[in-house]
Amino acid sequence: MGVYNRAPLEVERGQGARLWSTDGTEYLDCVAGISTNGLGHAHPKLVQAVKDQAEKLWHVSNIFKIPGQDALADKLCESSFADVVFFTNSGTEAVECALKTARKYHAANGQPERIDIYGFDGSFHGRTYGAINAAANPSYTEGFGPKMEGFHQLVWGDKDALEAAFRNPATAAIILEPVQGEGGCRATSDADLRWMRDMADENGVLIIFDEVQCGMGRTGKLWAHEWAGMAPDIMAVAKALGGGFPIGACLSTAEAAKGMTVGAHGSTFGGNPLAMAVGMAALTEINRPETFANVAEISAYLKQQLAGLQERFPDVIVDVRGKGLLIGVKLVPNNREFMAWARDGQNLLVAGGGDNCVRILPPLNLTLDEAREVVQKFEATCEAARGKMAA
């Protein structure tokens with residue numbers, strides 16, 4: 001189906017932060033599968049995990065116990081606020097599970113009328129029906145029938161409206177990305193996240209965090225919300241959890257998941273042995289002090305250098321934002337054109353984003369030399385953009 005507006009680039013292989021096209025051209029990859037290849041391409045520990053498990057067992061379905069599920073669920077719970085986990089194949093499935101979990105919680109408490117879910121403009125939660133209604137981006141919802149009941153959107157940063165949502169007796173949950181990805185790398189302040197936790201507890205509302213893109217070490221801690229010293233009730237993760245292999249997970253406290261009893265939810269492929277082996281390898285490698293220290297060092301360098309470029313190219317760069325290695329650069333020229341100039345002129349791959357941003361999403365193990373190369377290529381693209389806009 002013609003649903004993708006693909007870049008004119010055919011990729012053949014990758015290694016670390018490098019990609020090679022079918023014609024042999026080398027690219028510096030700061031897309032990382034849209035924040036998915038957290039350890040870069042063909043990381044040896046992930047490759048070995050696939051090889052080892054592929055020779056033993058791929059799939060049996062969830063009618064049987066899968067030891068790898070227990071092991072990875074235990075590791076996720078040990079590394080988070082969660083008590084229980086449901087494994088999926090993608091981020092949007094993890095979000096779908098989170099939405100169902102929230103509504104089931106209130107039904108189990110004898111309040112089935114509490115179905116309202118509040119999301120925020122600029123958010124992105126995936127492409128299933130529940131996920132697109134939670135985000136309510138018109139370009140993703142138009143043509144797919146009437147809006148689903150119980151989904152509402154707030155303007156990001158409108159605290160008064162959010163407080164009213166918390167106090168609405170029909171509210172089941174709010175859902176947000178602590179750091180928006182597609183929406184232009186906007187980060188909710190730590191103070192606001194703590195205030196949300198207090199408001200949710202006061203009003204019996206659940207907090208769902210979508211950390212599909214901003215989680216798994218991307219901000220310099222395993223989970224983005226850790227910076228605020230608080231935790232959600234439910235969280236969707238995916239992307240870097242599999243390092244490129246399809247896997248997602250919905251994490252929850254035992255209390256929030258009290259309604260998810262036998263038969264309430266399920267998945268054919270979710271939690272299959274192959275995905276669990278890769279997920280365990282990726283989580284183990286990412287959840288290390290050395291990884292977080294590298295994210296801190298490289299992100300500080302990139303933001304400092306990009307701020308310098310903003311001063312030198314105010315006619316090209318409007319703002320530098322984001323957290324950790326989820327960096328957004330708001331532009332004056334069209335972001336899609338800028339992406340093409342970077343790709344075709346400098347062999348630098350960057351991602352698009354809302355609010356006319358490009359996103360810099362390199363692997364978490366990017367080296368300082370590679371970061372310098374990113375800056376050099378980005379600077380050259382700014383020079384080219386200046387020339388093209390003046391022409």
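**Exercise 1. What volume does the second largest pocket have, and which residues lie nearest its centre?**

Before starting, note that this is a predicted model, where local features need pLDDT of at least 70, side-chain atom pairs count only at pLDDT 80 or more, and totals for chains, interfaces and linings use all residues. Residues are numbered from 1 along each chain as its sequence is written, and side-chain values use heavy atoms, leaving out hydrogens and water.

Step 1. Points are joined across faces, edges and corners, and a volume is the space filled by probe spheres set on them.

Step 2. The second largest pocket has a volume of about 710 Å³.

Step 3. Its lining has 26 residues, with Asn62, Gln69, Val85, Phe86 and Phe87 nearest the centre. Two or more lining residues come from each of α3 (67–78), β4 (84–88), α4 (91–108) and β10 (248–252); helices (H or I, at least four residues) and strands (E, at least two) are DSSP runs, numbered from the N terminus.

**Exercise 2. Find the largest cavity and name its lining residues.**

Step 1. A cavity is a set of grid points where a 1.4 Å probe fits but cannot get out.

Step 2. The count is one cavity of 30 Å³ or more, and the largest has a volume of about 30 Å³.

Step 3. Lining the largest cavity are Ser35, Glu211, Val212, Gln213, Gly215, Met216, Arg218, Ala238 and Ala240.

**Exercise 3. Is Leu306 buried or exposed, and which residues does Leu306 touch?**

Step 1. Locate Leu306 in helix α10 (residues 289–312).

Step 2. Leu306 has a relative accessible area of 1%, so it is buried (under 20%; exposed is over 50%, partly exposed in between, with a 1.4 Å probe and protein chains only).

Step 3. Leaving out residues up to four places away in sequence, Leu306 touches Ile317, Val320, Ile327, Val329, Ile360 and Phe378; contact means heavy atoms within 4.5 Å.

Note on methods. 1 Å grid on protein atoms, 1.4 Å probe; cavity = no way out; pocket = protein on both sides within 12 Å on 5 of 7 lines; lining within 4 Å.
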